[in-house]
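Here is a briefing on one protein model. Please look through the sequence and the fold before reading the points below.

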Amino acid sequence: MTQSYEINPYTLEIIKTSLTAIGDEMFAAMSRSSMSPIIYEALDYSVGITNATGDLIAQGNGTTVFLGMIDSLVKDILTKFQHKGQIKDGDVFISNDPYQGGGTHLSDVALAKPVFFEGELVGFTVNKAHWVDVGGMSPGSFTTASNEIYQEGLQLPTVKVISQGEPVESVLDILQANIRLPEDSMGDFWAGIAANNVGEARLLELYRKYGKDAMSRAMNELLDYGEMMIEAELKKLPQGTFFAEDWIDDDGLSDEPLKVCLKLDITEKKFIADFTGSAPQALGSINNSRTGLVSAIRTIFKALTNPNIPANGGCFRAIEVICPDETIFTAKRPAPVSTYWETMLYAEDLVWQALAEYLPDRLTAGHVLSVCASILAGTHPETGENTILVEPLVGGWGAMKHRDGLNGQFSIADGETYNIPVEITEARYGVQVNQYAFHNEDGGEGKYRGGKGVYLDYQVRCDEAYFTGSFGRFKFPPWGVDGGHKGSPNYAEVLRQGKQGSPREIYGKPARVKLYKGDVIRCVTATGGGWGSPKDRPRADIKRDVRDGFVTKDQAKKYYQ
């Protein structure tokens, strides 16, 4: 039975903190119960809760690229089903549609559960996670070779997968029939159901304890609090109009670079990002959806203002995103989108470039940018079972005005994600990891140097395997600031039978490259951009870099003397 609580500031603060904690508990539940390392080790997922109208109330840590996806999915559900009276207690909706319902690419599958209290819809619990495979032309589903979305896997418009507590078996049958590793992906499906159930239980506990009025007021105040706190931070940003322009390597199917540009207007009340003039949607799979564009701006906006304020819909009320339809930032069906992050991240990076010199204590020079995601598909040499290794990689972040860049960090897109431990990689997928180490390739020199990228070598132990990856900033390395040098590029290299040799097989967007037993695929990630002239670097720092192996003696002579 619902107790009657006085609605006072202390009670409201307890409720608001409890709502934020729900996202954290959902996140932990998803990690503990999933079956795929990309989820339980890499943490490539996000969770959250909304109110009954789809406003984001709280979001658990995880993949930052999903920051605009949870509320978009819920609003799509409300648009499609609420007016028909088809949202019932015990329902669960599923979607991976990039063009509607808050989608990114088909591998990111979202599950949303409506929450009812005393017969009234009061909110939704949601999670969105990267599934290892959802079908399509290539194992792992994301590919740099597609030219339409139908090649990238099973498309799921927002539909019910559980109806009033009962699984919709026909939908589950379709899912399993189109997935190469159904046991893993369906295990992750049920982990998502469990996480949403945890969120539902905790939300209902709050409703039973405090009642509808207090909960409704607390949710509204949480949104208003987010808006108020961010507004105070927005006033601290430089005011005016700022510009940036850059080039994406290519779309994966041609060699032609693609222009992207930004006009950014900042006032005390608004943050307006205008991408008019950017390239039209591409033939290859780097296209991004409008929802992805909004998520990108939310992410960099949060970083510029105050990352410590819990994310909710109120935090983003000041944002306005402008971009025509059918650009690479706002692609339309049936454009392929499976490596969308390459373009989505440029949206964040353009804001970054436009403001770096004005906010040197908040923003770095250019960073690794790309997720540098790779897929190695083969068979386990001991068991003969099919395996699909999917993993994002760390790289270097750019230097700042007063310090070196950070070594071996994930792209801004990945947020709280991690690499898969070598021991799990070798045991689960049957490959041999020959090295995972910082490299000392040229790039990122400056008074403060860019953070270092890595080498990660996978050696094939089965008879045949196939490698696909997307390594953006292959042609256009991370940018430097104030005389700092550009960083080094991201790329993949094939070493036949594990040997160095020529001609070199180097790729920015490899698609199903055939490998044989003994071959090594070397994934190389960027060193971030430098800040300030290399001639101004203190000699003690140069000696330390040489001692630690980040810079060779020859490089020290070439760039720092």
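In residue classes, Ala, Val, Leu, Ile, Met, Phe, Trp, Tyr, Cys and Pro count as nonpolar, Asp, Glu, Lys and Arg as charged, and the others, Gly among them, as polar. By that scheme, the lining of the second largest cavity has four nonpolar, six polar and four charged residues. The model is predicted: local features need pLDDT of at least 70, side-chain atom pairs count only at pLDDT 80 or more, and totals for chains, interfaces and linings use all residues. Residues are numbered from 1 along each chain as its sequence is written, and side-chain values use heavy atoms, with hydrogens and water left out.

**Cavities**

- A cavity is a set of points, on a 1 Å grid over the protein atoms alone, where a 1.4 Å probe fits but cannot get out; lining residues have an atom within 4 Å of a point.
- Grid points are joined across faces, edges and corners, and a volume is the space filled by probe spheres set on the points.
- Six cavities of 30 Å³ or more are found in the structure.
- The largest cavity has a volume of about 170 Å³. Of its 18 lining residues, Asp44, His130, Trp341, Val371 and Asp414 are the closest to its centre.
- Eleven nonpolar, three polar and four charged residues make up the lining of the largest cavity.
- The second largest cavity has a volume of about 80 Å³. Its lining has 14 residues, and Gly443, Glu445, Lys452, Phe550 and Val551 are the closest to its centre.

**Five-stranded sheet**

- Helices (H or I, at least four residues) and strands (E, at least two) are DSSP runs, numbered from the N terminus. Two strands pair if DSSP finds at least two bridges between them.
- Five strands form an open sheet in the order E14-E15-E20-E17-E18, with antiparallel pairing. Strand E14 (432-438) and strand E18 (505-507) are the edge strands, and each pairs on one side only.
- The twist averages 15 degrees from one strand to the next. Axes are lines fitted to C-alpha atoms, for helices over the stretch in contact, and angles run from 0 to 180 degrees between N-to-C directions.
- Strands E15 (residues 454-459) and E20 (residues 520-524) run antiparallel and are joined by five bridges. Glutamine 459 has valine 520 of E20 as its bridge partner.
- Helix H8 (residues 422-429) lies across E14 and E15 and runs at about 160 degrees to E14. Contact means heavy atoms within 4.5 Å.

**Four-stranded sheet**

- An open sheet of four strands has the order E13-E12-E16-E19, and its pairing is antiparallel. Its edge strands, E13 (386-391) and E19 (513-516), each pair on one side only.
- On average, neighbouring strands of this sheet are turned by 20 degrees against each other, direction ignored.
- Five bridges pair strand E12 (residues 373-379) with strand E16 (residues 464-470) in the antiparallel sense. Alanine 377 has tyrosine 466 of E16 as its bridge partner.

**Helix pair**

- The axes of helix H6 (residues 290-304) and helix H7 (residues 341-355) come within 8 Å and cross at roughly 35 degrees.
- H6 passes H7 in a right-handed crossing. A crossing is right-handed if the near helix is turned clockwise from the far one by less than a right angle, and left-handed if anticlockwise.
- Contact residues include Leu293 and Ile300 of H6, and Met344 and Trp352 of H7. By class, the contact has ten nonpolar, three polar and one charged.

**Backbone exceptions**

- Most residues other than glycine have a negative phi, and most peptide bonds are trans.
- Leucine 43 is not a glycine, yet has a positive phi of about 60 degrees. Leucine 43 sits in the loop between helix H2 (37-40) and strand E1 (45-51).
- The peptide bond from arginine 333 to proline 334 is cis, with omega near 10 degrees. Proline 334 is in the loop between strand E11 (319-322) and H7.

Definitions and conventions: On a 1 Å grid over the protein atoms alone, a cavity is a set of points where a 1.4 Å probe fits but cannot get out, and a pocket is an open set with protein on both sides within 12 Å along at least five of seven lines; lining residues have an atom within 4 Å of a point.
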